[in-house]
Amino acid sequence: MIKVYNHITELQSRLQKERVKKHTIGFVPTMGALHEGHLSLIRKSLSETDLTVCSIFVNPLQFNNPRDLETYPRKPEQDISVLESAGCQIVFLPEVKEMYPEKEPQKLNIDLGHLDKVLEGKYRPGHFLGVATVIKRFFDIVQPDKAFFGKKDYQQLLVIHRLVEQVKIPTEIVPCPIIREADGLAMSSRNLRLTIGERTIAPFISQILNKMKEKGTSLPVRELKNWAIKKITDNPAFHVEYLEIVDKDTLYPLENWKSKSKAMVCTAVYLGDVRLIDNMELFS
Ligand code: AMP
């Protein structure tokens with residue numbers, strides 16, 4: 001039977017009992033409106049640890065657009081039942097004041113370097129400090145042995161690696177592959193906000209990323225990037241915020257194909273007012 005905790009102290013006293021029994025703890029932080037992408041993380045955690053804690057918390061500190069925060073899909077009851085069917089043992093569902101008791105919560109003081117300035121960082125100022133803040137808070141509360149993150153939010157994964165390194169958190173970070181719909185669209189809670197028409201054309205983004213893979217080094221880096229942007233924006237329903245071919249370790253733009261084994265394309269595209277992100281390694 002799944003157990004839902006809303007309060008930190010109750011969750012911690014349960015986890016303490018599990019630790020006494022030498023049970024290892026896996027942690028999957030989410031913002032809810034769960035789909036197969038989230039469930040793949042839950043399953044991985046269930047297979048690698050004794051007890052899986054899934055948090056559902058729409059973190060106000062990581063939203064730089066108030067409308068995005070307001071319209072973010074919320075379905076806690078459905079989420080709990082989906083988690084129960086998947087075999088997840090614990091859901092942590094705190095209110096904002098439980099996570100941030102202060103009137104004006106401060107973001108963590110940590111240097112994310114250029115990770116905070118490129119790609120998502122450039123267009124969502126303060127977003128990653130908000131993410132780092134909530135993850136640090138969750139790690140302090142749950143103290144997981146392992147925590148599971150999707151490559152769908154690839155830059156976030158690099159931010160989390162940096163956080164655990166800088167703050168010396170002893171949790172193992174486990175990256176998990178992107179789960180896609182049958183038509184290639186990367187699963188995302190925000191897909192729920194697409195109209196039927198938008199949902200029909202949304203897979204075009206991943207189709208173009210796949211075509212970039214096919215084209216490989218037949219075009220110079222810059223030309224391949226421009227080709228992809230043009231292809232997507234040929235349909236005026238799409239607005240490309242960025243599409244970059246980067247080194248997957250540093251996220252700096254790739255100049256040429258010399259280190260092509262590290263080439264990754266990362267993009268953020270607006271379809272109507274829904275912002276979709278996706279990424280793909282080009283030579284894997
Ligand atoms: P979110 O609820 O969007 O904050 O996502 C919670 C976790 O699920 C993050 O680690 C995401 O990277 C991961 N995730 C979201 N969508 C997918 C997906 N399509 N495939 C794999 N992981 C995902």
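The side chain of His-38 places an N or O atom 2.8 Å from an oxygen atom of the ligand, a polar contact (a pair of N or O atoms within 3.5 Å). This is a predicted model: local features need pLDDT of at least 70, side-chain atom pairs count only at pLDDT 80 or more, and totals for chains, interfaces and linings use all residues. Residues are numbered from 1 along each chain as its sequence is written, and side-chain values use heavy atoms, with hydrogens and water left out.

**Ligand contacts and burial**
- A backbone N or O atom of Ile-179 is 2.8 Å from a nitrogen atom of the ligand.
- For Met-187, a backbone N or O atom lies 2.9 Å from a nitrogen atom of the ligand.
- The ligand taken alone exposes 490 Å², of which the protein buries 93% (Shrake-Rupley method, 1.4 Å probe).

**Shell around the ligand**
- The ligand is surrounded by 17 residues (a heavy atom within 4 Å), and the closest include Met-31 and Asp-153.
- Helix α2 (36-48) gives the largest share, three residues; helices are DSSP runs of H or I, at least four residues.

**Cysteines**
- The whole structure has zero disulfides (pairs of cysteine sulfur atoms within 2.5 Å).
- The sulfur of Cys-88 is too far for a bond, because the closest cysteine sulfur, in Cys-54, is 5.3 Å away.
- Cys-176 is in no disulfide either, and its nearest cysteine sulfur, that of Cys-54, is 13 Å away.
- Cys-88 is buried at 4% relative accessible area (buried means under 20%, with a 1.4 Å probe and protein chains only).
- Cys-176 is also buried, at 3%.

Notes:
Buried < 20%, exposed > 50% of the residue type's maximum accessible area, 1.4 Å probe, protein only. Polar contact = N/O pair within 3.5 Å; in protein donor to acceptor, adjacent residues only side chain to side chain. Helix = DSSP H or I, 4+ residues; strand = E, 2+ residues; numbered from the N terminus.
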